[in-house]
Amino acid sequence: MAPRTNDSEPEKGEPSADERIAAVRRVSAARGQERRGELSTPGGLLQPVRRSRTRPVQGRSGGLRATGPQDGGVERAQLLEDGTGRGGGGEKPSDQRIAAVRRVAAAGRRRRALHLAGCAALLAVALTAGSIALGAVRDTGPQHLTPASAAVSPGLLASGDLDAGITSLQAHLRAQPKDFSSWSALGLAYVEQARTKGDPSRYPQAEQAFERSLELAGDNDQALAGHAALAAARHDFEDALRYADQALKVNPYSERALCTRIDALVELGRYADAAKAADTADDRRPGIPVFTRYAYVRELRGDVPTARRVLEQALSSAVTPGDIAYVATQLGQLAWNQGDHERALTHYARALAADENYVPALEGRARAQAASGDRAGAVKGLEDVVSRYPLPGPLVALGELYEAVGDRAEAADQYALVDAWTALARAGGVNADLDTALAAADHGDKASALRAARAEWDRRHTVHTADALAWALHVNGKDEEALPYARRATATGYRNAAFLYHRGIIERATGHAEDAREHLEAALKLNPGFSPLGAREARTALKDLEAAK
């Protein structure tokens, strides 16, 4: 467990965390404002989860497998300080595909301004699925913020206005400081605020809220599960697993703890254990959060048809705009990974028809547009995303698009913002080594990339950390050392074009020409638009290999 941290004032002359994130947003937004009007969006809340059992016909038990202090004083006042962000209306998408889906699938549906974490997701499990931000969305997934007590309106917390929900919880706790359930709900709201707004400075406040809840009611599963979610968001997956297990001892049916346990096992590289945990969660609390995690575990093991079938079943059962946006985006990401960009665009359109401000869908659509040749649309889309949430994934993607057309100055600005985000994340207690390694290997300090990749590999052995370490070793000229890690990254059957590309380049550098040709061709066949720079380099390397025959 990380040490408790008070929300003390910053030292004189040092910018606060809020000031740092504001500065990052101002620089990022200034670029986009040159090309379009200023955008702002309301804060959002993770969507409520459907509780009905929605299962495909296959699998044992009918499930989805084979188919997701008491006084308060100054410290309490700090915990209850205003945590809201700016709001406002966003631009409505004009894409005809979205309009068509909305007419057919969302007629009469009341749209709510939900801002789910994806990206980050995106800070949590969100940032580790190859393409930093969006891959992490599948890992964390949406989780229901349970209304803390009758004094806090469930309708308000489910309304999509996270800032209003936090304000209501704060007011309630000033009047009822011994309500342990509300302290837990406030902690979860702070975690969500950190993820949806890209502001890790809220994590210490979340930690204090969970600790306060446990002081009032030791071993309450809400606070323990909240601690698990916080640890996962900080990329401390050993602690996430420990807290999830503690919560499940108290309440074996805690959906949040069951889901976080799957996340932690995945992010520790314990894929067989993660599959068993997904089976258990499916037995105890079947629903969209479990189904989507089940699908991701299958995808990591190379079973794409089952992953797709599970997600399609989950989408058919989704009824809220938030659930629809979340699951449709997961289907879009799955299609993207297989190089089916048109299908990916259709899924992202479905997601945006349900929630036009869902950031992971906006980012995924932009990537699919770039791969389909609509570079202008992709640039505009990613500019919109980073003006709201300057997270590493979309920043790097936008920088590479600029670099692909020769605009190195604009690209450098995006890469510099990654460093600013990393500093902010670490100040909030987030382990950002994987993000540093992935971004810095291609667009930053190569030595720092290698240090970060080694540190992350020491903590957890996943396909993503293996790939990051392999590539960091390669860019530092250590190809012989890199090759075993590149092979390990592709050993589970996970179909990822970037992993295949990295392996092919490393094999070429180590003299394994036939293997290099096989994996470079496989990368481009799987997803020819996986990266504007990486795909170009893969094609060049293949030409050189052919010429050297």
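Ser-213 is buried, with a relative accessible area of 0% (buried means under 20%, exposed over 50% and partly exposed in between, using a 1.4 Å probe and protein chains only). The model is predicted, so local features need pLDDT of at least 70 and side-chain atom pairs count only at pLDDT 80 or more, while totals for chains, interfaces and linings use all residues. Residues are numbered from 1 along each chain as its sequence is written, and side-chain values use heavy atoms, with hydrogens and water left out.

Ser-213 sits in helix α8, residues 203-216 (helices are DSSP runs of H or I with at least four residues, strands are E runs of at least two, and both are numbered from the N terminus). Not counting residues up to four places away in sequence, Ser-213 touches Phe-180, Trp-183, Ser-184, Asn-220 and Ala-223 (contact means heavy atoms within 4.5 Å).

Glu-207 pairs with Arg-234 at 3.1 Å, N to O. Glu-207 is buried at 2% relative accessibility, and Arg-234 is buried at 8%. Arg-212 forms a salt bridge with Glu-215, with the closest N and O atoms 3.5 Å apart. Arg-212 is buried at 1%, whereas Glu-215 is partly exposed at 44%.

Note on methods
A salt bridge is a side-chain nitrogen of Lys or Arg within 4 Å of a carboxyl oxygen of Asp or Glu.
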